[in-house]
Amino acid sequence: MIIAVDGPTASGKGTISKALAHHFGLPHLDTGLLYRAVGRQVALNGGNPDNPRDALKGTEFADLLLEDDILRSEGSGSLASRVSIHPEVRQALFERQRNFATQDGGAVLDGRDIGTVIAPEAEVKLFITASVDARAQRRHAEMIERGVESGLQEIADDLRRRDQRDIGRKDAPLIAAPDALVLDTSTLGKDAAIAAAIAAVEQAM
Ligand code: C5P
């Protein structure tokens with residue numbers, strides 16, 4: 001069983017995907033980390049993330065360190081959103097994601113284009129969304145917890161910019177697959193959002 005979870009940054013899709021993977025005993029891939037690793041590699045190379053050739057070179061990054069705080073930082077997220085515009089970068093990361101999705105026994109993948117491009121045949125597709133305000137507040141609380149100072153307004157502006165880039169790009173834009181179940185988590189707490197996602201998967205099985 002493939003479970004595809006797509007949606008914008010800070011919608012809760014990461015938390016939900018992890019919980020689904022745990023609940024159904026499936027491996028999980030956070031595909032945003034791949035784009036973040038590319039963005040960071042471009043920066044390490046001294047390249048320009050908006051230049052397709054520099055961005056493609058960033059796909060030769062070393063292994064992913066999944067618990068890497070730098071990779072999860074806002075700076076890496078912003079770089080990721082810039083390199084992910086280039087079709088050649090998306091192409092270079094395709095096979096890795098596709099192999100993960102089609103492994104024996106199934107998998108949970110979360111990202112922007114899992115249900116539309118990486119695994120259109122997924123048995124379950126969820127599109128997790130939430131208002132910019134709700135997402136900015138969550139991100140703000142997360143950052144305070146990590147001891148990082150940031151302004152709410154600044155975070156909301158960055159989320160809007162990233163949404164615009166993700167929704168507006170030509171190749172694999174952020175959009176719900178026609179057969180995806182849309183789950184708006186704006187007014188849901190973490191446990192309620194997870195319970196709703198588990199119920200949706202069980203219904204689709
Ligand atoms: O999900 P996360 O915030 O880690 O993703 C960082 C950026 O990587 C996103 O803003 C998006 O531009 C890009 N991305 C993508 N396709 C994916 C996952 C992430 O374009 N499947």
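Modeller: In helix α4 (74-83), the buried residues are Ser76, Gly77, Leu79, Ala80, Ser81, Arg82 and Val83. This is a predicted model, in which local features need pLDDT of at least 70 and side-chain atom pairs count only at pLDDT 80 or more, while totals for chains, interfaces and linings use all residues. Residues are numbered from 1 along each chain as its sequence is written.

Colleague: Why is α4 said to be largely enclosed by the rest of the structure?

Modeller: A residue is called buried if 20 or more other C-beta atoms, placed from the backbone, lie within 10 Å of its own, exposed if 12 or fewer do, and partly exposed in between. Since 7 of the 10 residues of α4 are buried, the helix is described as largely enclosed. Helices here are DSSP runs of H or I with at least four residues, and strands are runs of E with at least two, both numbered from the N terminus.

Colleague: Which helices do the buried residues of α4 pack against?

Modeller: They pack against α2, α3 (52-57), α5 (87-101) and α8, where contact requires that the C-beta atoms of two residues, placed from the backbone, lie within 7 Å.

Colleague: What makes α8 a helix with a buried side?

Modeller: In α8 (152-168), the buried residues are Ile155, Leu159, Arg162 and Asp166. They cover an arc of only 70° around the axis, and therefore sit on the same side of α8; the arc is taken from the directions that run from the helix axis to the C-beta atoms. The face turned away from that side carries the exposed residues Gln153, Glu154, Arg161, Gln164 and Gly168. As for packing, the buried residues of α8 meet α4 and α7.

Colleague: How do you know that the reach of helix α9 is close to what is expected?

Modeller: The expected span of a helix is 1.5 Å times one less than its number of residues. Helix α9 (190-204) has 15 residues, and it reaches 21 Å from its first C-alpha to its last, against an expected 21 Å. Its buried residues are Ala193, Ile194, Ala197 and Val201, and they lie on the same side of α9 because they cover an arc of only 95° around the axis. Asp191, Ala192, Ala199, Glu202 and Gln203 are exposed on the other side of α9. The buried residues pack against β1 (2-6), α1 (13-24), β4 (124-129) and β5 (181-184).

Colleague: Why is serine 11 counted as buried?

Modeller: Serine 11 has 26 C-beta neighbours inside 10 Å, so it passes the cut-off for a buried residue. Glycine 12 has 27 other C-beta atoms within 10 Å and is therefore buried as well. Serine 11 lies in the loop between β1 and α1, and glycine 12 is found in the loop between β1 and α1. Not counting residues up to four places away in sequence, glycine 12 touches Ile128, Ala130, Thr185 and Ala193. The UniProt record, an unreviewed entry, places a "binding site" at residues including Ser11 and Gly12; positions from UniProt follow the numbering used here, feature names are shortened, and annotations may be inferred rather than shown by experiment.

Colleague: What makes aspartate 133 exposed or buried?

Modeller: Aspartate 133, in helix α7 (132-145), has 12 C-beta neighbours inside 10 Å and so counts as exposed. Glutamate 123, in the loop between α6 (114-118) and β4, has 13 such neighbours, so it is classed as partly exposed.

Colleague: Which residues around the ligand come nearest?

Modeller: Of the 14 residues around the ligand, Gly32, Tyr35, Ser81, Ser84 and Gly111 come nearest, a residue being near a molecule or strand if its C-beta atom, placed from the backbone, lies within 6 Å of it. At least two residues of this shell come from each of α2 (32-44), α4 and α8.

Colleague: How many residues of that shell are nonpolar, polar and charged?

Modeller: The shell divides into 2 nonpolar, 7 polar and 5 charged residues. Here Ala, Val, Leu, Ile, Met, Phe, Trp, Tyr, Cys and Pro count as nonpolar, Asp, Glu, Lys and Arg as charged, and the others, Gly among them, as polar.
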